[in-house]
Amino acid sequence: MSAQFKELEAAIAAVLAASDDYRTIIEGVRPHLRKLLAEEGLLPAELAEPHPDKYAQYLLYKPENEAFSVVAFVWGAGQVAPVHDHLIWGLVGVYRGAVVEKRYRRVDLGEAAEPRYEIREVGEVTARQGDISFVYPPDHDIHGVANPFGEPAITVHIYGTDIGKQPRHIHDVASGSARDVVTKHLNEVAIYG
Ligand SMILES: [Fe+2]
């Protein structure tokens with residue numbers, strides 16, 4: 001599998017060299033994520049089992065310059081990620097099972113308003129095995145992900161930085177407030193080096 005990731009590194013480097021427009025990058029990376037989603041055994045069997053309390057986040061690969069990261073999330077039945085942003089481009093592919101993704105947009109209510117922002121829900125999709133969606137700031141960046149189904153799900157994401165180090169936010173939809181967060185990977189060393 002390491003050879004596939006070296007190939008992926010070269011392919012994404014070419015995409016990043018060609019454009020710095022997030023939407024263009026996403027479309028350039030999409031076929032490479034599609035290929036990864038078709039790989040059997042992408043996640044070692046012992047990591048493919050859900051964590052009992054919380055969704056699990058594993059770093060699969062990142063290049064030395066951290067220009068991107070490939071991360072797997074294992075979602076037990078009923079597990080949820082709170083509404084959050086990424087502040088960088090990213091693609092979200094479903095490897096096994098299905099998840100529900102709710103999309104939000106931050107609406108500025110003006111300097112005099114309290115709270116200053118509203119987090120407005122703008123859509124909901126059920127993403128199934130093989131589906132790929134994407135995020136990028138500022139307007140397509142905030143979402144919540146959940147596995148409301150009876151079976152575990154695994155999603156594989158590619159972000160334009162090491163998302164395990166990225167300072168970002170969890171949003172409270174009801175109040176429009178946000179808190180700073182860094183969501184670390186469960187593994188310190190990438191599964192594929
Ligand atoms: Fe996300």
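His 84 is buried because its relative accessibility is 12%, below the 20% cut-off for that label. In this predicted model, His 84 is one of the protein donors of an iron ion. The chain around the site has two helices and eleven strands.

**Iron site**
- The iron ion has His 84, His 86 and His 143 as its protein donors, each through its NE2 atom, lying 2.1 Å from the ion.
- Along the chain, the spacing of these donors reads H-x1-H-x56-H.
- His 86 has a relative accessible area of 0%, so it also counts as buried.

**Nonpolar core**
- The largest nonpolar core contains 45 residues, and Phe 5, Leu 60, Val 70, Trp 89 and Val 156 have the most contacts inside it.
- Helix H1 (2–18) and helix H2 (22–37) each give two or more residues to this core, as do strands including S1 (56–61), S2 (69–75) and S9 (153–159).
- Leaving aside residues up to four places away in sequence, Val 70 touches Phe 5, Leu 8, Leu 36, Tyr 58, Leu 59, Leu 60, Tyr 61, Val 156, His 157 and Ile 158.

**Overall fold**
- In sequence order, the elements follow the pattern α-α-β-β-β-β-β-β-β-β-β-β-β.
- The radius of gyration is 16 Å, close to the 16 Å that the globule rule gives for 193 residues, so the chain is as compact as a globular protein of that length.
- Along the principal axes, the C-alpha atoms fill a box of roughly 55 × 40 × 30 Å.
- Among contacts with a separation of 6 or more, 76% join residues 24 or more positions apart.

**Surface**
- Buried residues make up 47% of the 193 in the chain.
- The chain exposes about 9600 Å², of which carbon and sulfur atoms supply 52%.

Definitions and conventions: Residues numbered from 1 in each chain as written. Predicted model: local features only at pLDDT ≥ 70, side-chain atom pairs only at ≥ 80, totals over all residues. Heavy atoms only, no water. Donors = N, O, S within 2.8 Å, 3.2 Å for Na, K, Ca; no water. Buried < 20%, exposed > 50% of the residue type's maximum accessible area, 1.4 Å probe, protein only. Core = buried A, V, L, I, M, F, W, Y, C linked by side-chain atoms within 4.5 Å. Helix = DSSP H or I, 4+ residues; strand = E, 2+ residues; numbered from the N terminus. Contact = heavy atoms within 4.5 Å. Rg over C-alpha atoms; globule rule 2.2 N^0.38 Å. Areas by Shrake-Rupley, 256 points an atom, 1.4 Å probe, with all protein chains shown as cover.
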